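Thank you all for making time this morning.

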Amino acid sequence: PAVAADGTIYVAGIENILLAFDPNGNQLWQASLEAQPVGAPALDADGRVLVADLQGGVTAIRPDGSVLWRAQISGGRESTSGPIVDALGNAYVTITDAVGAVNAQGQRLWYKSAADAYLQEPPRLSPDQKMVYLRNTVMDVMTGAQIEIPVRDPSTLVFADPSYFTGGNGLNYYRPG
């Protein structure tokens, strides 16, 4: 689930619904989704709830339960993670082996290949929100273009599952395996 600052809990259900509960567990509302949700919902700075779905889309729902928009990111490939949201309200989601982005108005920004594997993990943002990480790929948040960061000879990373990430201290790291 996703939990808002006021304690409202948002849960996406496989019955193509998004549910909102107050902190005491009382259901506040239920919103219909066009497709089965994937992963955890995300919240933007305006309190909107964003939900990725199996049809490669993202839906934005207002805090009152009304659907604001649905954006189709992929051409039919499924989302394999819930979305993440930056400070501008842009949402990023893993779609099989790619990352897609939509802006706060629901317009597709970009959709780019990011891996050679089926991934079921959300992308991550760098602390300055200029880069998106998905495993060992770094992408520019504005364009989706891959950013080459020389770290180590790629041939030494075979079967090592390398990954970029941000530490609790706010610095960027590369885990070779």
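Predicted model: local features only at pLDDT ≥ 70, side-chain atom pairs only at ≥ 80, totals over all residues.

Residues are numbered from 1 along each chain as its sequence is written, and side-chain values use heavy atoms, with hydrogens and water left out.

The secondary structure comes to 0 helices and 17 strands, where helices (H or I, at least four residues) and strands (E, at least two) are DSSP runs numbered from the N terminus. Of the 177 residues, 48% count as buried, meaning under 20% relative accessible area with a 1.4 Å probe and protein chains only, whereas exposed is over 50% and partly exposed lies in between.

Let me turn to a sheet. An open sheet of 4 strands has the order E1-E2-E3-E4 with antiparallel pairing, and two strands pair if DSSP finds at least two bridges between them. Strand E1 (2-3) and E4 stand at the edges, each with a single partner strand, so one side of each is left without a neighbour in the sheet. E1 and E2 run antiparallel and are joined by 2 bridges, and the bridge partner of Ala2 in E2 is Tyr10.

Tyr10 and Trp29 form a tilted pair, with 5.9 Å centre to centre and 45 degrees between the planes. Rings of Phe, Tyr and Trp (its six-membered ring) pair if their centres lie within 6.5 Å, and planes under 30 degrees apart count as stacked, over 60 as edge-to-face and the rest as tilted. Because Tyr10 lies in strand E2 (residues 9-13) and Trp29 in strand E4 (residues 27-32), the pair ties together parts that are 19 residues apart in sequence; both residues are buried. Tyr92 and Trp110 also form a tilted pair, at 6.1 Å centre to centre and 45 degrees between the planes. Here Tyr92 lies in strand E10 (residues 91-95) and Trp110 in strand E12 (residues 108-113), so the pair ties together parts 18 residues apart in sequence, and Tyr92 and Trp110 are both buried.

What makes up the largest nonpolar core? It has 13 residues, and those with the most contacts inside it are Leu50, Val58, Trp69, Ile73, Val93 and Val102; such a core is a set of buried Ala, Val, Leu, Ile, Met, Phe, Trp, Tyr and Cys residues joined through side-chain atoms within 4.5 Å. Two or more residues come from each of strand E6 (49-53), strand E7 (57-61), strand E8 (67-72) and E10, and E10 gives the most, with 3 residues. Leaving aside neighbours within four places in sequence, Leu50 is in contact (heavy atoms within 4.5 Å) with residues including Pro41, Val58, Trp69 and Ala91.

E6 also gives the most to the lining of the largest cavity, with 3 residues. Among the lining residues are Leu33, Val51, Thr59 and Arg70; on a 1 Å grid over the protein atoms alone, a cavity is a set of points where a 1.4 Å probe fits but cannot get out, and lining residues have an atom within 4 Å of a point.

Finally, strand E16 (residues 163-166) and strand E17 (residues 172-175) pair in the antiparallel sense over 4 bridges, with Tyr173 in E17 as the bridge partner of Phe165. Their hairpin has 5 residues between the strands, and Gly170 takes a positive phi near 85 degrees there.

Note on methods
1 Å grid on protein atoms, 1.4 Å probe; cavity = no way out; pocket = protein on both sides within 12 Å on 5 of 7 lines; lining within 4 Å.
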